[in-house]
Structure formats: structure tokens, C-alpha cells
Amino acid sequence: MKTLQNHIILYDAECPMCKAYTRAFTQTGMLNADGRASYQQMPEVACPVVDRQRAVNEIALVNTQTGEVTYGVDSVFKVLGHAFPVFMPLFAFGPFVWLMRKVYAFISYNRRVFIPAPHKGEQGLQPTFRLSYRLLYLLFSWLVVGFILTIYTHRLTGLIPLGNVYREYMICGGQIIFQGLIVSLYMPAKRWDYLGNMMTISLAGALLLLPVLWIGKWLAFSAWLYTTGFMGVAGLMLLEHIRRTHLLQLGWLLTITWVVYRLLVLFLIFKLN
């Protein structure tokens, strides 16, 4: 593995994912030990040549000798390609590069709703909001959550009435609309931040149900055990919702309506079956 000399990668200090993978670059020797710095504390050598706002959206890699700067997935490919030259043809393959740029943008523009920052830095150094990528994330998480819950509800037969194949998708989509209306009336400036965080909670909860499904398949769980697992995950989701709404300074209202919506849905499920 070859080290990329005379380069500094600028990461978002408020993004745990960014800190993790750039630290991996230095710890594995892909970059020098001093080859990473946060853009919040940008080194003087990088200041004159870096597009600061672009560096917030797309991680910047600065050649400290020539002043050349690459951004986003091109920065990642440059580091990985130097360390593993065998991958260079792949990193130069146009369709693959195009796809990875879209994937990178999807992650980058939603990273603050994947893992919310405990505090904000300078107002001028915040990621640009892109509504298209936020809507895409809401659609993606809605489909995944609906799919997993549709499978899981079949394990609750006998305790929870079984609905049609679209029920869980409608419940999840209804929550987006319901909470979207509440936050739009209550705090419209934080509408998309809240909805992104809310769907991250739903997505994480759905993914936590997968181990319950796998273990239950092998140990022949009863509907009661599956329900217990579901309630445990729901409790964790509630705690995470409280934590995230406090980080967003949204108070208790949206947590209350989040719970009310779920209780109302449960009541209607039993009432209409």
C-alpha cells in the first residue's frame, strides 16, 4: 500500500462518518498521519485554493505542493487508487464514476439527518440543502421500512390483525404526511431536517427488526416473542426521537404527535378488523 504524500483531506468535524473514514485513511497509511484536517479549522496552506462551500458539500483533497484540489468521490478515488492501483481502471470507468457521484451526493446531502450534529459550527460552513436528495431519501426509507414491516407483521398473526400488502406502506407514508403537516405549522424552517431525522429513526428501527426475524426463524418464536421484540425496538425509537428533536430544538410537541399517530393507527387497525 502506497501513501499519498503531500496531500491533506478536509472533512466535516461534525460528521461522524466523515471523521471515521478519513481517520481510516491516515491510520492505514493511505495518507500521512497529518494528512487530514477539518474544514472548520482549515489549514492555511489550503485556504487560498479551496472552494470553501464546495468543500462542505464534497470532501476536498488538497495537493499541498501544486495547489490542485479534487472534491467528493474524486478525492476518495484518488486516495484509494494511489493505495490500490489495481482499482484505477474501475475508478476511471465513466458509468461507474457517474453512479458513485450520485451515491456520494445522496449520502453527503443527507449526512446530517443520518447522524445529527450535536451543535452547529459557523453558519456559513453548513452543508447546502438539496430538496431533491432529501425527497429521494424519504422515498428510499419509506420503501425499505414498508417492505420490512410488511414481512414482520405476518409474524404477529393472532395478536395483530393482518392487513393487505399495502397497509404498512400506507401507515409509514401517512406518518410522513401527518408529522409533515404538524412540523410545517409548528416550525416550518426545520420541516425537512425533522422529516429526514424521523425517517432515519424509522429506517433504523426497521433494520433492528431484521435480527429478530432471523433469530425468530431459527428458534421458532411465537407471536408474543415477536411482539416483545417489536415493542423493544419501538421503545428505542421513542428514545431516539426524543434525543433528535431536542438536538433540533423542537421541544416535545412532535414527539407527542409521533406517539399519538402510532396509537391512533393501532386503534384503527383493531377497530376496522
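Please keep in mind that the model is predicted. The chain has 273 residues, and 44% of them count as buried. Its secondary structure comes to eleven helices and four strands. The C-alpha trace spans about 70 × 45 × 30 Å along its principal axes. If we take the contacts with a separation of 6 or more, 68% of them are between residues 24 or more positions apart.

I will begin with the strands. In what order do the four strands stand in the sheet? The order is β2-β1-β3-β4, the sheet is open, and the pairing is mixed. The edges are β2, residues 36–38, and β4, residues 69–71. Each of these two has a single partner strand, so one side of each has no neighbour in the sheet. On average, neighbouring strands are turned by 25° against each other, direction ignored. Leu61 has Thr70 in β4 as its bridge partner.

Helix α1, residues 16–27, lies across β1 (7–11) and β2, and runs at about 165° to β1. Helix α3, residues 73–83, lies across β1, β3 and β4, and its angle to β4 is about 110°.

Next is α5. The buried residues in α5 include Val97, Tyr104 and Phe106. What do the buried residues of α5 pack against? They pack against α1, α2 (52–57), α3, α4 (88–91), α6 and α7.

Now the cores. The largest nonpolar core has 38 residues, and those touching the most other members are Tyr137, Val145, Tyr152, Tyr194, Met198, Met199 and Tyr226. Elements giving two or more residues to this core include α5 (94–108), α7 (131–153), α9 (191–219) and α10 (223–247). Which element gives the most? It is α9, with ten residues. To take one member, Met199 is in contact with Tyr137, Leu138, Ser141, Trp142, Cys172 and Ile176, leaving aside its neighbours within four places in sequence. There is also a second, separate core of 18 residues, and among them are Cys15, Cys18, Ile59 and Ala83.

On to the aromatic rings. The count comes to 14 aromatic pairs. One of them is Phe84 with Phe87, an edge-to-face pair at 6.3 Å centre to centre, with 75° between the planes. Phe84 counts as partly exposed at 31% relative accessibility, and Phe87 also counts as partly exposed, at 39%. Another pair is Tyr152 with Phe230, which is tilted, at 6.0 Å centre to centre and 35° between the planes. This pair links distant parts of the chain, since Tyr152 is in helix α7 and Phe230 is in helix α10, 78 residues apart. Is Tyr152 buried or exposed? Tyr152 is buried, with a relative accessible area of 0%. Phe230, at 30% relative accessibility, counts as partly exposed. Ring pairs also join Phe77, Phe84, Phe87, Phe91 and Phe96 into a cluster.

I will finish with two single residues. Tyr261 is in helix α11 and counts as buried, at 10% relative accessibility. Tyr261 and Ile171 are 90 residues apart in sequence, while their C-alpha atoms are 9.4 Å apart in space. Leaving aside neighbours within four places in sequence, Tyr261 is in contact with Met170, Ile171, Gly174, Gln175 and Phe178.

The other residue is Asp34. Where does Asp34 lie? Asp34 is in the loop between α1 and β2. Asp34 is exposed, because its relative accessible area is 60% and the cut-off for exposed is over 50%. From Asp34 to Val145 there are 111 residues in sequence and 41 Å in space, C-alpha to C-alpha.

How values were computed:
Residues numbered from 1 in each chain as written. Predicted model: local features only at pLDDT ≥ 70, side-chain atom pairs only at ≥ 80, totals over all residues. Heavy atoms only, no water. Core = buried A, V, L, I, M, F, W, Y, C linked by side-chain atoms within 4.5 Å. Buried < 20%, exposed > 50% of the residue type's maximum accessible area, 1.4 Å probe, protein only. Contact = heavy atoms within 4.5 Å. Pairing = 2+ DSSP bridges. Axes fitted to C-alpha atoms, helices over the stretch in contact; angles between N-to-C directions. Phe/Tyr/Trp six-rings, centres within 6.5 Å; stacked < 30°, edge-to-face > 60°.
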